[in-house]
Amino acid sequence: MERMKVSLRCEVDANPPSEPVWVKDDGPLSVQQDKLGYLNFTSIGHEHAGWYRCTTNHEFGTFASFGYFLNVRTLDLPVSTASGSNIPAGLGQSVNLKCISDGRPEVTAVNKSLMAIAGRSALLAGQLCSTQKPLRVLWIVRRFVLRPGDIQHPYIAYNLTETEIPNCYMSGLELRRVEVEDSGEVLLIVKNVNGIADAHFLLNITQASSFSSSSSASSSLDFSMYYLVAFISTFCLSWLQHSLILEFR
């Protein structure tokens, strides 16, 4: 939440020792790192949002951690009205209202909750609207981070497509073969010059039902048993008739 105090620590366990260094993917750090490897945000804001990595330049090479995404949410403030903001209007009279936006992108999950079957494909779709061109669009699923156009089997992040709504686009993530481990939250993050917004998807995975195959096998077994019983009955009847004929002779 914006205006909060946040601390990120970069700790390097190496022999010989090596200095920790924080890096930000889209530019220089906006706060100074201290000697212990801490980034201390006294009042965090949207300008601090982004991907951070803990790195070190060791004598055996340069090493880095996984990326950590710092998402800053807007602090909900009470709404106040300015003096003289009341607009008198008579019945049937038209009124012009002006809506002011902060310019951050708007992201909507089209299929927010999706039920998928393990072993089959699934498609997540999100709509993003931004008056400013999006600087970054990211899909986060399990431990993978995909940009539009990326393919990391079995995940495909499709390129953005324009919609009929001005400044709005569709973004899609396809899971070519769903696994039980995919169950859970999937995140779509969009960033422009004015801030960051995200949409959450809930993916529920179920196993394919074996009812149809079991029913088919059961029906086949029942038919075979019926056929076997009918054969035995016919054989016994023929044997009995043959025995009676021999006795009468």
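**Close-up views of a predicted model**

Figure 1. The structure shown is a predicted model. Arginine 142 belongs to the loop that runs between strand 10 and strand 11. Its phi angle is near 55°, a positive value in a residue that is not glycine.

**Figure 2. Asparagine 167, a further residue with positive phi.** For asparagine 167, phi is near 65°, again positive in a residue other than glycine. Asparagine 167 sits in the loop between strand 14 (161-162) and strand 15. Its relative accessibility is 40%, so asparagine 167 counts as partly exposed.

**Figure 3. The disulfide between cysteine 10 and cysteine 54.** Two disulfides are found in a search of the whole structure. In the one shown here, the sulfur atoms of cysteine 10 and cysteine 54 lie 1.8 Å apart. Cysteine 10 is located in the loop between strand 1 (6-9) and strand 2 (21-24), and cysteine 54 in strand 4, so the bond ties together parts separated by 44 residues in sequence. The torsion about the S-S bond is about 65°, which means that this disulfide is right-handed. Cysteine 10 is buried, at 1% relative accessibility. Cysteine 54 is also buried, with a relative accessible area of 12%.

**Figure 4. The disulfide between cysteine 129 and cysteine 168.** The S to S distance between cysteine 129 and cysteine 168 is 1.9 Å. This pair links distant parts of the chain, 39 residues apart: cysteine 129 is in strand 9 (residues 122-129) and cysteine 168 in strand 15 (residues 168-175). With a torsion of about 110° about the S-S bond, the disulfide is right-handed. Both cysteine 129 and cysteine 168 are buried. When the bonded cysteines of the protein chain are numbered in sequence order, the pairing reads 1-2, 3-4.

Figure 5. Asparagine 15 and proline 16 are joined by a cis peptide bond with omega of about 0°. Proline 16 is placed in the loop between strand 1 and strand 2. A cis peptide bond also joins histidine 153 to proline 154, where omega is about 10°. Proline 154 lies in the loop between strand 12 (151-152) and strand 13 (155-157).

Figure 6. In soluble globular proteins, nonpolar side chains tend to be buried together. The largest nonpolar core here has 26 residues, of which Trp139, Leu173 and Phe201 touch the most other members. Strand 17 (residues 195-206) makes the greatest contribution to this core, with five residues.

**Figure 7. The largest pocket and its lining.** The volume of the largest pocket is about 320 Å³. Its lining consists of 14 residues, and those closest to the pocket centre are Trp51, Phe66, Gly67, Arg143 and Val145. Strand 4 (50-58), strand 10 (136-141) and strand 11 (144-146) each provide at least two residues of the lining. By class, seven lining residues are nonpolar, one is polar and six are charged. Both domain 1 (6-70) and domain 2 (106-206) take part, each giving at least three residues to the lining.

Conventions:
Residues numbered from 1 in each chain as written. Predicted model: local features only at pLDDT ≥ 70, side-chain atom pairs only at ≥ 80, totals over all residues. Heavy atoms only, no water. Core = buried A, V, L, I, M, F, W, Y, C linked by side-chain atoms within 4.5 Å. Buried < 20%, exposed > 50% of the residue type's maximum accessible area, 1.4 Å probe, protein only. Helix = DSSP H or I, 4+ residues; strand = E, 2+ residues; numbered from the N terminus. 1 Å grid on protein atoms, 1.4 Å probe; cavity = no way out; pocket = protein on both sides within 12 Å on 5 of 7 lines; lining within 4 Å. Points joined across faces, edges and corners; volume = space filled by probe spheres on them. Nonpolar A, V, L, I, M, F, W, Y, C, P; charged D, E, K, R; others polar. Domains from an automatic or database assignment. Disulfide = S-S within 2.5 Å.
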